[in-house]
Amino acid sequence: MNILLADDHTLFRDSLNIVLKMTFPGSNVTAVGNWQEARCSAAAEYFDLLLVDLVMPGASEGQWEPELSGLMAVSHGAICVISASDNRAHIRTAFQLGVSGYVCKTFSLEQMQKALRMISSGANYLPEQLFRNSPEVAKLPNETGKKVTWRQREVLELLAAGDCNKNIARKLKLSESTIKRHAYNLYRTLGAKNRTDAIRIGRQQGLLSY
């Protein structure tokens, strides 16, 4: 497994590198310390899993959203945010941009390994305790990745309307690779074999407005 680890704190990077080697024996980990290095590395090489902190050098006045979007546009593997922030707005925005998981740096080793294994297997990961008893939880994927996210539902609506991935990307102002990732996760969540099957299941489950 090829992994990109982007965090500007050397001690944390070194510690997480050890965790990654324990969790995925034989994996190759590339460590970088800012958004530009992360983007350049992702554009130059295929990574199965990308782990990124939100607050790193390169984001203008802490505006990490454009940086994360830029990384999504050039990467092909699953992206997981690893952050000290448990701010719900940050978590929501990260998932809307297309990440596969959100992990807090306060997690135990067991929690961290569980999350990383789930994400690497293609599932979404959101720790339930961050959204327990919150109405927002219904709009985000749960630990098992079984909920259809708000963004996936948008993609489903456009798929049902007959749009191709390129047109969906243009309408939602996302990269085509991000749309493909959303569609892939949508199919897995619905248990659909293809686009037609996803639309059929979406209508059965009341996910489509028409």
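Me: Which residues does L68 touch, not counting residues up to four places away in sequence?
Reply: This is a predicted model, in which local features need pLDDT of at least 70 and side-chain atom pairs count only at pLDDT 80 or more, while totals for chains, interfaces and linings use all residues. Residues are numbered from 1 along each chain as its sequence is written, and side-chain values use heavy atoms, with hydrogens and water left out. With contact meaning heavy atoms within 4.5 Å, L68 touches W35, V52, I79, A94, L97 and V99, leaving aside residues up to four places away in sequence.

Me: And which residues have the most contacts inside the largest nonpolar core?
Reply: Those are L20, L51 and L68, in a core of 47 residues. A nonpolar core here is a set of buried (under 20% relative accessible area, 1.4 Å probe, protein chains only) Ala, Val, Leu, Ile, Met, Phe, Trp, Tyr and Cys residues joined through side-chain atoms within 4.5 Å. A second, separate core of 21 residues includes V155, L159, A169 and A183.

Me: What about E67, buried or exposed?
Reply: E67 counts as buried because its relative accessibility is 16%. E67 sits in helix α3, residues 64–74, where helices are DSSP runs of H or I with at least four residues, numbered from the N terminus.

Me: What does E67 touch, not counting residues up to four places away in sequence?
Reply: With that exclusion, E67 touches W35, R39, G58 and A59.

Notes:
Helix = DSSP H or I, 4+ residues; strand = E, 2+ residues; numbered from the N terminus. Buried < 20%, exposed > 50% of the residue type's maximum accessible area, 1.4 Å probe, protein only.
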